[in-house]
Amino acid sequence: MSGDSFTFTIDGVEVTATPGQTIMEAADAAGIYIPRLCDVEGLRHQGGCRVCTVKASGRSAAACTQPAAPDLVVDNETDHLNTMRRHLVEMLFQEGNHLCPVCEASGNCELQAMAYRLEMVEPFRFPGLEPCRPVDASHPDIALDTNRCISCGRCIRASADVDGKGIFGYVGRGIHRRVAVNGSDLAHTDADINDHAVSRQVCPVGCIIRKREGFSIPIGEREYDHGLIGDEGDSE
Ligand code: SF4
Ligand code: SF4
Ligand code: FES
């Protein structure tokens, strides 16, 4: 341990952190996986999805935004927390249209992979909203299908903060909130296939589609086809 660094525990394992690090950053550095959907390496933290909720000295906290602190006692892998996370994931399935067998993101999709990790067997606890939104296929290289959107905001942060374009944003409120672009359609924006916002690591599901790349990685050879999200090598 050096300088200002300090220790705290996650599920009884001592972890070292430095001032300003979040619980999740310290966990990642220690090789401990905390489930997440709206957080991804390289983008500022948002704290929106709540899938990363842990108990920090008895209080619920989003691990991606909550700073680590000396002697904090963090619970992560508990039945209670994983049940809560599974309910959140079930709600995300019910808010969108998710037909995994015909989705080109299947096998690479973080929502699907999180459902497997959390042992979600059926999403029918809540009535489905069954949105029917038009797919924007106007751009020569990119398509946008917000029927699968989980409102993680990753495309919004990537486009604004990394690409400096601000192409994606939210419209509507409450359950009607959805992602839209800053033009009449994608073809009338500055979107480019080389934008970080449309790279495969940004959209965790199958909303932002890079045309002509759909099945370049065959089913069975995709990122989560051979192991759970968060297992060694898959942690973001
Ligand atoms: S986005 Fe993910 S969860 Fe939704 S249909 Fe596609 S593979 Fe399934
Ligand atoms: S389009 Fe993808 S990256 Fe953007 S908010 Fe929806 S799920 Fe997240
Ligand atoms: S990953 Fe922390 S709130 Fe989404």
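This is a predicted model: local features need pLDDT of at least 70, side-chain atom pairs count only at pLDDT 80 or more; totals for chains, interfaces and linings use all residues.
Local features here need pLDDT of at least 70 and side-chain atom pairs count only at pLDDT 80 or more, while totals for chains, interfaces and linings use all residues. Residues are numbered from 1 along each chain as its sequence is written, chains are lettered from A and ligands numbered from 1 in the order in which they are written, and side-chain values use heavy atoms, with hydrogens and water left out.

The protein splits into domain 1 (6-77) and domain 2 (84-233), with bounds that come from an automatic or database domain assignment. Their centres, taken over C-alpha atoms, sit 24 Å apart. Across the boundary, 21 residues of domain 1 are in contact with 23 residues of domain 2 (contact means heavy atoms within 4.5 Å).

On to the pockets. On a 1 Å grid over the protein atoms alone, a pocket is an open set of points where a 1.4 Å probe fits, with protein on both sides within 12 Å along at least five of seven lines, and lining residues have an atom within 4 Å of a point. Points are joined across faces, edges and corners, and the volume is the space filled by probe spheres set on them. The largest pocket holds about 410 Å³.

Of its 19 lining residues, Glu104, Ala105, Asn108, Arg200 and Ile208 come closest to the centre.

Both ligands have a shell of nearby residues (a heavy atom within 4 Å). Around ligand 1 are residues including His98, Cys100, Cys103, Cys109 and Val205; this shell has seven nonpolar, three polar and one charged residues. Around ligand 2, Cys149, Cys152, Cys155, Val205 and Cys207 are among the residues, and the shell has nine nonpolar, two polar and no charged residues.

Finally, Asp195 lies in the loop between strand 8 (178-181) and strand 9 (208-210), strands being DSSP runs (E, at least two residues) numbered from the N terminus. Asp195 is buried, at 8% relative accessible area (buried means under 20%, with a 1.4 Å probe and protein chains only). Leaving out residues up to four places away in sequence, Asp195 touches Asp163, Lys165, Ile167 and Asp190.

Terms used:
Helices (H or I, at least four residues) and strands (E, at least two) are DSSP runs, numbered from the N terminus. Buried means under 20% relative accessible area, exposed over 50%, partly exposed in between (1.4 Å probe, protein chains only). Ala, Val, Leu, Ile, Met, Phe, Trp, Tyr, Cys and Pro count as nonpolar, Asp, Glu, Lys and Arg as charged, and the others, Gly among them, as polar.
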